[in-house]
Amino acid sequence: MAHQAVKPYSLLMYFLSIIAFFFLGLIYAGITEAGKGQMLAGGAIVLGYGVIGAFIGLLLSILTAIKSKRNLIIKINIFLTLIVIASFTYFTLKYQKRQQEKLKDELPKKEQPTTPTLDAKPMAMLTRTNVEKQLKNEMGLGMFSPNFYEHKTLYFYGNLTHRKSVQEHIPVDSITFKQREYGGFDIATAPSWLMPEHLKLDYDMLYFKVKSISHDFIEVVVNTRINQTAFVDRYAGKLQYWPEFLLGVHSVEFREPSAYKVYIKPLEHAETVTIPYSFMRPIKIQNEWLYVELQDNNYKTLGTGWIRWRKDDNLLIKYSLLN
């Protein structure tokens with residue numbers, strides 16, 4: 001019955017098998033939590049299950065077309081059609097439910113701000129009075145990123161009593177995180193005043209600028225607009241001082257391109273690099289100097305050079321976390 005393999009009803013079975021088994025692969029990945037805790041790779045892993053399922057479905061349908069009779073193939077097509085319809089309905093309802101949950105999470109934040117607000121009693125939420133320009137230029141020590149894979153809640157603490165442990169302090173507010181179905185995390189609840197340095201959870205990015213550090217606590221900027229700070233548990237996430245953080249960004253650029261140049265050596269009296277370029281990719285840091293690759297619009301390396309990335313407590317460069 002090999003001739004049946006190219007009949008219209010067999011071709012339809014191939015198509016339906018690919019779609020049906022793709023959906024079944026996604027459902028299996030969800031049941032087994034295949035993408036759980038895999039960060040950015042979670043979505044790709046789940047999609048991989050779907051692709052593997054589709055491939056298995058195609059192989060089974062080809063074998064069925066060769067060995068089975070026409071009436072059986074038609075019945076299989078009806079069954080596969082029902083699977084496709086049921087799977088499509090299942091994922092559509094899940095998507096709608098997820099959208100409704102997002103709306104529910106957003107509404108309380110607008111209507112019922114969490115305490116403490118900016119008018120709360122003096123605790124550890126310190127408000128700076130520096131002018132906007134000074135706030136932007138003040139670089140701090142580096143960046144802090146909470147580990148929401150191990151800690152579903154990041155607590156903020158008020159005025160500290162030194163020599164007391166984290167457990168002996170009472171938190172004044174917090175952020176809670178919830179895991180997405182197919183990997184990654186979203187913010188479930190957060191204070192109304194929260195405005196971190198970087199927030200892009202689609203890429204697992206949540207960064208707070210670090211102002212100070214002690215044995216058990218890190219002081220971070222929780223509202224970049226007014227330079228409001230709070231304390232967090234030092235071991236509730238990852239601390240990256242500026243050199244380590246900058247070596248992990250996609251590219252950097254000068255805050256004032258006309259005032260700074262690229263040099264062939266880490267010396268201000270050295271010769272300058274005159275190669276036209278579009279991007280600077282950090283390679284190495286030596287004190288106040290940053291060794292960079294000069295790249296064109298296609299990220300092809302054109303040359304290298306040294307730039308000054310800081311002066312005193314001022315950051316002389318801007319950076320891009322993503323391309």
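The briefing below begins with the basis of the model and then takes up its features by topic.

This is a predicted model, in which local features need pLDDT of at least 70 and side-chain atom pairs count only at pLDDT 80 or more, while totals for chains, interfaces and linings use all residues. Residues are numbered from 1 along each chain as its sequence is written, and side-chain values use heavy atoms, with hydrogens and water left out.

**Nonpolar cores**

- The largest nonpolar core has 24 residues, and those with the most contacts inside it are Phe144, Leu154, Phe156, Ile175, Phe177, Phe208 and Val220; such a core is a set of buried Ala, Val, Leu, Ile, Met, Phe, Trp, Tyr and Cys residues joined through side-chain atoms within 4.5 Å.
- Two or more residues of this core come from each of strands S2 (153-157), S3 (171-179), S4 (185-189), S6 (205-213), S7 (217-223) and S8 (228-233), where strands (E, at least two residues) and helices (H or I, at least four) are DSSP runs numbered from the N terminus.
- Another core, of 22 residues, lies apart from the largest one, and among its members are Met139, Phe245, Val292 and Leu315.

**Aromatic rings**

- The whole structure holds 19 aromatic pairs, counted when rings of Phe, Tyr and Trp (its six-membered ring) have centres within 6.5 Å, with planes under 30 degrees apart called stacked, over 60 edge-to-face and the rest tilted.
- Because Trp242 and Phe245 are 3 residues apart in helix H5 (residues 242-246), about one helical turn separates them, and both residues are buried (buried means under 20% relative accessible area, exposed over 50%, and partly exposed in between, with a 1.4 Å probe and protein chains only).
- Ring pairs also link Phe22, Phe23, Tyr90 and Phe91 into a cluster.
- The charged end of Lys284 sits over the ring of Tyr291, at 5.7 Å from the ring centre; this description requires NZ of Lys or CZ of Arg within 6 Å of the ring centre and within 35 degrees of the ring normal.

**Salt bridges**

- Side chains of opposite charge can pair when their charged atoms come close.
- The count comes to 6 salt bridges, each being a side-chain nitrogen of Lys or Arg within 4 Å of a carboxyl oxygen of Asp or Glu.
- Asp202 forms a salt bridge with Arg180, the closest N and O atoms being 3.7 Å apart.
- Asp202 lies in the loop between strand S5 (198-200) and S6, and Arg180 in the loop between S3 and S4, so this pair ties together parts that are 22 residues apart in sequence.
- Asp202 counts as exposed at 55% relative accessibility, whereas Arg180 counts as partly exposed at 22%, and a network of salt bridges links Arg180, Asp186 and Asp202.
- Glu268 and Arg308 meet through their side chains in a salt bridge of 2.6 Å, N to O.
- Glu268 lies in the loop between strand S10 (251-254) and strand S11 (279-286), and Arg308 in strand S13 (residues 301-308), so the pair ties together parts that are 40 residues apart in sequence.
- Glu268 counts as partly exposed at 49% relative accessibility, while Arg308 is buried, with a relative accessible area of 18%.

**Positive phi angles**

- Most residues other than glycine have a negative phi, and most peptide bonds are trans.
- Tyr299, a residue other than glycine, has a positive phi near 65°; Tyr299 is found in the loop between strand S12 (289-295) and S13 and counts as partly exposed at 37% relative accessibility.
- Asp312 also has a positive phi, of about 55°, although it is not a glycine; Asp312 is found in the loop between strand S14 (310-311) and strand S15 (314-315) and is exposed, with a relative accessible area of 59%.

**Helix H1 and Gly53**

- Ser17 lies in helix H1 (residues 8-32) and is buried, with a relative accessible area of 3%.
- The C-alpha atoms of Ser17 and Gly53 are separated by 9.3 Å, and the two residues are 36 residues apart along the chain.
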